[in-house]
Amino acid sequence: SSGINAEYGGFHHHCLSPYRTFSRQCHFIEALNLNGCIRLTSRCDEAFRSYFSSLPWLDLSSCKLVGDSVCVALSAGCPRLEHLDLSYCSHVTDEGAVAIAKGCKKLKHLLLRLCKKITDQGVIALVECR
């Protein structure tokens, strides 16, 4: 494939500015690995809502501060998302997972390993969204 894969694990910079610049320069990105980015928080919502609309593959695993607001931003801004890894994102709840399922209609893989705030009701809601 002709797309670009980028890996920024452990990224420590302020969120919005570098991602805005990155997304403007890399229009054909197919995979973005942000595993373990310690500053990925709700401050990044705007970046996901506005700058990654064509992104099909995203790894946010072990981003300890990622929660439902990031999930809502992804559901609004990343309609082409097919793979999303939120494993070990301890602030993601049923609300965030369901927002992803409802907004990311092309999603084929949603990884939620050790997301302990996702309950049985959340899993049922995820299945019903599909």
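Is E46 buried, exposed or partly exposed? In this predicted model, E46 is partly exposed, with a relative accessible area of 36%, where buried denotes under 20% relative accessible area, exposed over 50%, and partly exposed in between (1.4 Å probe, protein chains only). The model being predicted, local features need pLDDT of at least 70 and side-chain atom pairs count only at pLDDT 80 or more, whereas totals for chains, interfaces and linings use all residues. Residues are numbered from 1 along each chain as its sequence is written, and side-chain values use heavy atoms, with hydrogens and water left out.

The secondary structure of the protein chain comprises five helices and five strands, these elements being DSSP runs (helices H or I, at least four residues; strands E, at least two) numbered from the N terminus. Along the sequence the elements follow the pattern β-α-β-α-β-α-β-α-β-α. Of the 130 residues of the chain, 45% count as buried, and the accessible surface comes to about 6,800 Å², of which 53% belongs to carbon and sulfur atoms; accessible areas come from the Shrake-Rupley method with a 1.4 Å probe, and for residues only the protein chains shown count as cover. Among contacts (heavy atoms within 4.5 Å) between residues at least 6 apart in sequence, 82% join residues at least 24 apart.

Two salt bridges are counted, under the criterion of a side-chain nitrogen of Lys or Arg within 4 Å of a carboxyl oxygen of Asp or Glu. In one of them, R49 pairs with E46, the closest N and O atoms lying 4.0 Å apart. These two residues are three positions apart in helix α2 (residues 45–50), and so are separated by about one helical turn; R49 is partly exposed, with a relative accessible area of 37%. A salt bridge is also formed by K108 and E82, whose closest N and O atoms are 3.8 Å apart. This pair links distant parts of the chain, 26 residues apart, with K108 in the loop between α4 (94–103) and β5 (109–111) and E82 in the loop between α3 (68–77) and β4 (83–85). K108 is exposed at a relative accessible area of 61%, whereas E82, at 32%, counts as partly exposed.

Helices α3 and α4 pack at an angle of about 5 degrees, with their axes 8 Å apart, the axes being lines fitted to C-alpha atoms (for helices, over the stretch in contact) and the angles running from 0 to 180 degrees between N-to-C directions. The two helices are therefore roughly parallel to each other, a description applied to angles under 35 degrees. In this contact, D68, C71, V72, L74 and S75 of α3 meet E95, G96, A99, I100 and G103 of α4. The residues involved divide into five nonpolar, three polar and two charged, with Ala, Val, Leu, Ile, Met, Phe, Trp, Tyr, Cys and Pro taken as nonpolar, Asp, Glu, Lys and Arg as charged, and the others, Gly among them, as polar.

Helix α4 is mostly covered, seven of its 10 residues being buried, namely D94, G96, A97, V98, A99, I100 and A101. These buried residues pack against α3, β4, β5 and α5 (120–129). Within α5 lies L126, which is buried with a relative accessible area of 13%. Leaving aside neighbours within four places in sequence, L126 is in contact with A97, V98, A101, L110 and L112. The C-alpha atoms of L126 and K102 are 8.4 Å apart in space, although the two residues are 24 apart in sequence.

Methods. Parallel < 35°, antiparallel > 145°, perpendicular 65-115°, else oblique.
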